[in-house]
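Dear colleague,

Please read the notes with the coordinates open.

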Amino acid sequence: HNSEESIELYKKLDLKCLFDAGTPRKISGKLLDVNIIPEGVINIHPGKLPEYRGCSCVEWAIINDAPIYNTVHYMDHEYDTGPIIKAEKYKFKSNSNYIDIRSKVYLEGCKLSSQVLRSIQNRIFIKDSAVNQNSNKAKFWEPIPKDIEDYCIKKANNHQYKFQIL
C-alpha cells in the first residue's frame, strides 16, 4: 500500500478516502498528503483513543477493568494520534468469554466503520468536524506479553472482567 505503484494507482483511481483496518505496516506519509487522498486515511482502532493507543488494547482494557471501545480516526504521521471521528463503547453479556468479547469488538467495528464511511461519502460528515485528541490523556500500549495475555483470556473466560454487564 505504500509503494510508488500503489500511490500512482490511487491517483489514477481518483480515490477520495482510504480506509485502514489493521495494516501490518505504517501508512506512508505520502498517502496522508491531501493531494493524493483528499478526504484522508481513516482507521478503525479497537481501543479508546487517546487512552489506549498502540497494540492489544482490548486485552489491556480487560486487564485494567476499563471499558472497551472502537475509535474511528484520521491517520496522521504517528500511531493512533489523528483526529477522532467517532468512538463507541461496548458492554458485554455477563456470560461472555474472551472470544465473545473479541468477536463483538470486530463485528461492531465493521458496523461503525461502515456508518462513518457512508457519512463521509454522503457528505454528512466533513473532515474538519473531527476532534483532536487530548495528548494529556494519551497512553501508548505495547504488544501484550504472552503471560499477561494468558491472564487476560483467563480473566475474561472466568467472567471477571468488570464491564461484562448487559
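In which sense do strand E2 and strand E4 pair, and over how many bridges? Strand E2 (residues 41-45) and strand E4 (residues 68-74) pair in the antiparallel sense over 4 bridges, where helices (H or I, at least four residues) and strands (E, at least two) are DSSP runs numbered from the N terminus, and two strands pair if DSSP finds at least two bridges between them.

Before going further, please note that this is a predicted model, in which local features need pLDDT of at least 70 and side-chain atom pairs count only at pLDDT 80 or more, while totals for chains, interfaces and linings use all residues. Residues are numbered from 1 along each chain as its sequence is written, and side-chain values use heavy atoms, with hydrogens and water left out.

To return to the sheet, His-45 has Thr-71 in E4 as its bridge partner. The sheet is open, with 4 strands in the order E1-E2-E4-E5 and mixed pairing. Strand E1 (18-20) and strand E5 (84-90) stand at the edges with a single partner strand each, so one side of each has no neighbour in the sheet. From one strand to the next the twist averages 15°, and helix H3 (residues 98-121) lies across E1, E2, E4 and E5, running at about 150° to E5; here contact means heavy atoms within 4.5 Å, and axes are lines fitted to C-alpha atoms, for helices over the stretch in contact, with angles from 0 to 180 degrees between N-to-C directions.

The whole structure holds 8 salt bridges, each being a side-chain nitrogen of Lys or Arg within 4 Å of a carboxyl oxygen of Asp or Glu. One of them joins Glu-39 and Arg-123 at 3.2 Å, N to O. Because Glu-39 lies in the loop between E1 and E2 and Arg-123 in the loop between H3 and strand E6 (140-141), this pair ties together parts that are 84 residues apart in sequence. Glu-39 is buried at 16% relative accessibility, whereas Arg-123 is exposed at 54%; buried means under 20% relative accessible area, exposed over 50%, and partly exposed in between (1.4 Å probe, protein chains only).

As for the cysteines, the count is 0 disulfides, a disulfide being a pair of cysteine sulfur atoms within 2.5 Å. For Cys-55, the nearest cysteine sulfur, that of Cys-57, is 7.1 Å away.

Best regards
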